[in-house]
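The stops below go from single residues to the contact between chains.

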Amino acid sequence: MARINRPVSRRQAWWLLATALAACLPLAPQVPPWLSVAAGMAFSWRAVLTWRQWRLPPRWLLVLLVIAGTAGVFLQYRTIVGRTPGIALLVVFLALKLLELRAARDAVATALLCYFLVLGQFLFTQTIPTALLACLTVLITTATLLAASDDRPQPQRQLRRAGLMLAQALPFMLLLFVLFPRVQGPLWGIPQDRFSAVSGLSDSMSPGSIAQLSQSDAIAFRVQFKGPLPPQSQLYWRGPVMPAFDGRSWRVAQTLGAYPEVPYTGLGAAVDYEVTLEPHGKFWLFALELPATLPPDSTLTNDYQPIARQVVRNRIRYAQRAWPEAIAGVNEAPSILRSALALPKDGNPRMRAIGAAWSAQYGTDGAAILAAAENLFSQQLLIYTLNPPLLGPDIVDEFLFDTKRGFCEHFAAAFVFALRAGGVPARVVAGYQGGEVNPVDGYLVVRQYDAHAWAEAWIAGRGWVRIDPTAISAPSRINSNFSAAVPAGEALPFLARGDLAWLKELRYRLDAVTNGWNQRVLGYNPQRQRDLLASLGLNEPDWRSMTAVLSVLCGGVMLGLTGWILRNRLRVDPALTAWRRFAVRLAKRGIAWQVWEGPLAFAERAARQAPAHAADIREIAALYARLRYGAAPQAADLTQLKTKIAAFNP
Amino acid sequence: MRLPELEAIQADINRIILGKERPVCLSLACLLACGHLLIEDLPGVGKTTLAHVLARVLGLNFQRIQFTSDMLPADILGVSIFDRDSGAFHFHPGPVFSQVVLADEINRATPKAQSALLEAMEERQVTAEGKTRALPEPFFVIATQNPTHQIGTFPLPESQLDRFLLKIELGYPDPAAERELLAGADRRQMVASLTPRITSQRLVQLQELARQVHASPALIDYVQALAAHTRTAARWQAGLSPRACLALLAVARAWALLDGRHHVLPEDVQAVLPGVISHRLRPTDDTARTDVEAVAAALIEAVPLP
């Protein structure tokens with residue numbers, strides 16, 4: 001007990017201060033700014049007190065500060081429970097605990113608080129840098145904890161010891177990670193709101209909204225194909241379908257019916273793949289057109305988009321199958337077709353007039369009108385650009401006949417409008433097109449700048465047909481990639497650029513590492529655990545068998561570690577082992593080796609008592625002395641010693 | 001493989017100091033380990049002769065200082081005397097400026113005079129009248145002291161005893177050796193007839209050779225175990241200091257070199273242990289203080305070889 005009440009030395013105080021700072025700094029972006037400032041002031045105050053060796057503040061002042069800090073957190077969040085308020089409160093306590101650092105037990109409490117705060121970081125982010133930073137902080141905290149029980153802490157020694165302890169804990173950590181029963185989803189459903197503001201497709205599309213995404217190289221999702229990669233021009237990742245048009249923007253349908261199962265059939269071979277979707281804060285899931293299966297916990301809307309039951313707030317992974325060729329919606333419901341024909345009351349008179357002309361000319365022949373629309377688009381010599389000019393109220397007319405410059409949303413919107421004006425049901429489909437294969441791990445990476453919009457027309461007898469009007473003017477957008485289609489000189493996101501190959505290579509590698517982390521560590525869910533255990537022969541494990549396996553393995557690791565340490569500690573010089581055997585043989589002759597006796601001295605004594613073996617005894621002793629005390633023991637000498645002793649029989 | 005020159009030196013000394021092979025060998029080891037030697041014994045057992053012979057066979061110059069109770073530091077270190085011709089003070093070096101210094105009956109002098117010599121031993125230089133002068137190389141002090149229970153002695157404090165690497169006793173010769181001594185030629189003439197076996201440069205080389213003798217981890221473990229035992233056992237007032245452990249290793253290395261080995265054995269440590277610990281360890285039991293060998297043997301037998 002005396003140890004725990006021993007005063008904290010100045011050096012230990014510096015250690016603790018540094019450790020607390022290391023534990024708090026990564027949380028600075030998460031807690032309110034006033035708390036960061038206040039904690040910073042408490043740290044500085046403590047630093048000054050330590051430096052000047054002044055007295056610590058009185059208890060009553062600390063009590064007041066604790067009350068003030070707690071009240072501040074409460075006023076900020078209207079509660080003191082929950083993730084962020086809880087962490088904020090811990091920061092308050094840690095900062096103030098430093099100001100009452102008197103005895104060793106305060107130091108221990110501070111170090112434990114630091115551990116909690118390190119854990120707290122994972123409630124906000126779970127990336128590789130966070131994990132590395134946490135490892136470093138845990139190392140420092142452990143060293144501090146060791147230093148707290150040492151009068152004269154030596155940073156190097158404590159750090160080395162802490163590192164060794166953590167290294168010994170590593171196998172247990174891995175075992176617990178792999179075998180401890182996992183809960184569904186991340187622990188406590190966290191982190192979640194970190195992804196609330198991420199970019200991605202929205203449920204409406206107006207001129208410029210997708211062009212904005214084209215500046216982002218954030219990852220939308222990753223795909224691993226089971227078979228060969230389909231051609232680039234087939235990689236249409238279906239997202240929100242937007243049939244509703246208000247004259248300016250396109251929206252998803254207000255009310256969506258859902259199919260219990262996929263209502264169409266595919267032609268030709270299916271493609272199997274697995275998507276790892278980054279959280280995007282929306283309901284929809286991306287699937288290669290047209291989805292043949294549904295991800296778990298999702299439904300297919302009546303415009304064929306898979307929708308999750310819950311907003312995608314965590315990274316999720318699902319296996320999927322797609323039919324690149326499919327006949328869908330031949331017998332489409334009239335209500336859907338009606339909504340796919342709806343146009344605002346006025347606006348875009350020129351396009352309406354042309355549409356009316358087509359309608360008059362071709363009647364209900366959808367295929368002919370489709371061909372006419374395609375023809376119109378190619379005649380207009382439209383230019384695909386990242387920086388389209390601003391459009392007035394009649395966005396379709398102005399784009400098609402005046403400015404003639406647009407991004408994919410202009411093309412898709414104008415094309416669908418043209419078809420509807422001609423009386424052909426059509427709708428806008430948003431999503432992603434293409435993607436880039438990371439050569440390091442073979443994953444297809446789809447980034448925000450791959451966002452795209454295309455059109456879908458309903459032709460009697462053929463059902464829904466995909467037409468990509470962008471491909472009419474800029475076929476390279478579809479056949480190669482986004483950057484190839486953009487005119488030279490326009491600003492591209494970094495990763496879409498063709499130059500800077502080495503940086504790109506580096507990015508590929510980093511991305512592969514991140515992906516591995518996401519797949520193997522963060523994506524290690526109950527299902528994967530079950531699969532792993534099944535592959536180990538544990539089918540449908542209950543908590544009892546899991547506990548048993550865990551205990552046995554932990555015990556095994558413990559035994560192994562203990563054995564390893566003991567072996568290192570008790571490693572006996574083989575020469576000494578041989579010498580002891582020799583001593584036992586002589587002891588049987590009544591010549592006992594005294595444990596304090598040097599080898600040559602013993603040899604002389606033994607040689608006198610057993611003159612018949614004097615030469616052997618002297619030779620063995622000389623060999624042993626050279627092996628055990630000599631400068632460079634020779635392996636040959638050891639072999640010779642062993643043979644001599646084996647042959648020695650007094 | 002023993003070095004022939006060292007064997008020759010030992011043979012020369014043993015021809016004059018009869019029947020004292022072990023103390024002679026120890027004093028030589030002390031010299032090879034660059035340490036100073038303290039000989040405690042009764043007058044007339046050959047302390048001075050040993051010092052003289054050592055200096056002679058090693059080709060070193062020799063001075064003797066007879067310590068008395070009215071001695072002053074200047075008598076040891078030297079003094080500046082005004083020279084009328086040049087009109088300036090000239091430093092006349094004292095007897096300490098010599099390669100082998102025999103400090104006879106060092107515990108007869110007052111602490112002031114003792115410390116003048118002891119400082120010179122530690123620093124291997126002398127500061128007199130504001131000027132620092134280096135002592136010759138090698139520098140080797142053989143001090144003799146009378147047993148402290150004799151009249152008119154100022155015992156050396158422990159800290160100053162520690163300056164001596166080894167303390168040995170010569171003791172009476174055995175009857176046969178004594179008879180040979182009595183019947184033989186005059187020792188003084190014999191010493192005068194000796195010729196140096198090596199030069200002082202070679203002696204410095206041999207000292208370096210002794211420093212390089214290998215002490216294996218197992219042996220260092222043994223030295224540590226010995227020290228640990230003296231520190232924990234109730235038999236001694238205080239344990240061996242790290243400096244004492246260094247001294248033990250240094251002498252053991254020199255002893256191994258004298259035995260013609262390039263590594264130290266536990267036997268070497270055990271052989272030099274009495275001389276290293278006798279003036280450093282004070283047994284709690286006063287009666288045990290007299291028999292140094294028995295005390296050392298008890299220590300050796302209490303500590304198993306690691």
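A residue is called buried here when its relative accessible area is under 20%, exposed when over 50%, and partly exposed in between (1.4 Å probe, protein chains only). The model is predicted, so to speak of local features needs pLDDT of at least 70 and side-chain atom pairs count only at pLDDT 80 or more, while totals for chains, interfaces and linings use all residues. Residues are numbered from 1 along each chain as its sequence is written, chains are lettered from A and ligands numbered from 1 in the order in which they are written, and side-chain values use heavy atoms, with hydrogens and water left out.

**Stop 1: a helix pair in chain A**

Select Glu604(A) and Arg618(A). Their side chains form a salt bridge with an N to O distance of 2.9 Å; the term stands for a side-chain nitrogen of Lys or Arg within 4 Å of a carboxyl oxygen of Asp or Glu. Glu604(A) belongs to helix α22 (residues 599-609) and Arg618(A) to helix α23 (residues 614-629), 14 residues apart. Helices (H or I, at least four residues) and strands (E, at least two) are DSSP runs, numbered from the N terminus. Glu604(A) is partly exposed because its relative accessible area is 33%, and Arg618(A), at 38%, is partly exposed as well.

**Stop 2: two pairs in chain B**

Now select Asp259(B) and Arg2(B), whose side chains meet in a salt bridge at 2.8 Å, N to O. Asp259(B) sits in the loop between α11 (242-258) and α12, and Arg2(B) in the segment before α1 (4-16), 257 residues apart. Asp259(B) has a relative accessibility of 29% and so counts as partly exposed; Arg2(B), with 41%, is also partly exposed.

Next, take Arg280(B) and Asp162(B). Are these two buried or exposed? Arg280(B) is buried at 16% relative accessibility, and Asp162(B) is buried with a relative accessible area of 16%. They form a salt bridge in which the closest N and O atoms are 2.6 Å apart. Arg280(B) lies in the loop between α12 and α13, and Asp162(B) in the loop between α6 (158-161) and β9 (164-168), 118 residues apart.

**Stop 3: a network in chain A**

Select Arg238(A), Glu289(A), Arg427(A), Glu456(A) and Arg466(A) together: salt bridges that share partners join them into one network. Over all chains, the structure has 32 salt bridges.

**Stop 4**

**Stop 5: where chain B meets chain A**

Show the residues in contact (heavy atoms within 4.5 Å): 18 come from chain B and 14 from chain A. The two chains bury about 1300 Å² between them, 64% of it on carbon and sulfur atoms. Buried area is the accessible area (1.4 Å probe) that two parts lose on being put together, summed over both.

Which three residues of chain B supply more of its buried area than any other three? They are His263(B), Glu267(B) and Leu305(B), with 33% of the area that chain B buries against chain A. Colour α10 (217-232), α12 (266-277) and α13 (292-302) of chain B, each of which supplies at least two residues of the side that touches chain A.

How many salt bridges lie between chain B and chain A? The count is zero.
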